[in-house]
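Q: I'd like to learn how to read this structure, one feature at a time. Could you take me through it?

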Amino acid sequence: MSPTSDDEPYVDRHLYVEEIISMWNLSKIVRELGNRDQCVAFAEAQGLMPTEKLCRTHRTPMLIAASTNRSFGSWVCHKRTCKRKNKVARTNGTFFENVKIALIHVFYLIYAFAYKMDYKTVLREDPFKEEKQKCLSRATVGDCTITAGSQ
Ligand SMILES: [Zn+2]
């Protein structure tokens, strides 16, 4: 029996050391998704955020203009004739479109959701609570955990 066979049920085999090492945990969240730049790079690498867009008027590649610290910035055309006219938030039409919280919390909550953390655990384990000197709201966490069926 080949240990690498795709037919083997995931739960019925022992994990390899490399698999366990590569699994996400809270310290990896902090290390690899602990600031805005890391989160943006991760979202781009995972295909969650496009890295290219053409101006609908000029059909030329648009540039990314930085905005607030919690966002991905905006697409802007560099042609003088349309400078701000076709400016559009980079999050438009993406998973992040209606996200109102910091990106570090988005990825933390996805992690918390995946591991079915309950509300109190999500608040307690929040790796960014001290740095931000505030905790996630019940509504924010609820959006996540109600879907998971744990709160
Ligand atoms: Zn343009």
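A: Happy to. Start with the words helix and strand: both are DSSP runs numbered from the N terminus, a helix being H or I over at least four residues and a strand being E over at least two. Residues are numbered from 1 along each chain as its sequence is written. Keep in mind that this is a predicted model: local features need pLDDT of at least 70, side-chain atom pairs count only at pLDDT 80 or more, and totals for chains, interfaces and linings use all residues.

Q: Which elements does the protein have, and in what order do they run from the N terminus on?
A: The secondary structure comes to seven helices and three strands. From the N terminus on, the elements run α-α-α-β-β-β-α-α-α-α.

Q: What is Phe 128 in contact with, leaving aside its neighbours within four places in sequence?
A: Two residues are in contact if their C-beta atoms, placed from the backbone, lie within 7 Å. By that test, and with those neighbours left out, Phe 128 is in contact with Ile 104, His 105 and Tyr 108. Phe 128 and Tyr 108 are 20 residues apart along the chain, and their C-alpha atoms are separated by 9.2 Å. For the protein, take the contacts between residues at least 6 apart in sequence: 43% of them join residues at least 24 apart.

Q: How do I read a helix, say α3? Which of its residues are buried?
A: Helix α3 (residues 36–45) has Cys 39, Val 40 and Ala 43 as its buried residues. Seen down the axis of α3, these fall within an arc of 100 degrees (taken from the directions from the helix axis to the C-beta atoms), so they line one face of the helix. On the other side of α3, Asp 37 and Ala 45 are exposed. What covers the buried residues of α3 includes α4 (103–114). Just after α3, Gly 47 takes a positive phi of about 80 degrees.

Q: And a core: which residues have the most contacts inside the largest nonpolar one?
A: A nonpolar core is a set of buried Ala, Val, Leu, Ile, Met, Phe, Trp, Tyr and Cys residues joined through C-beta atoms within 7 Å. The largest here has 15 residues, and those with the most contacts inside it are Cys 39, Ile 104, Ala 112 and Val 122. Both α3 and α4 give two or more residues to this core, and the largest share, six residues, comes from α4. Not counting residues up to four places away in sequence, Cys 39 touches Leu 33, Leu 103, Ile 104 and Phe 107.

Q: Last one: in what order do the strands of the sheet lie?
A: Strands pair if DSSP finds at least two bridges between them. Here three strands form an open sheet in the order β1-β2-β3, with antiparallel pairing. The edge strands, β1 (63–65) and β3 (88–89), each pair on one side only. Strand β2 (residues 74–76) pairs with β3 over two bridges, and Ser 74 has Ala 89 in β3 as its bridge partner.

Methods: Buried ≥ 20, exposed ≤ 12 C-beta atoms within 10 Å, placed from the backbone.
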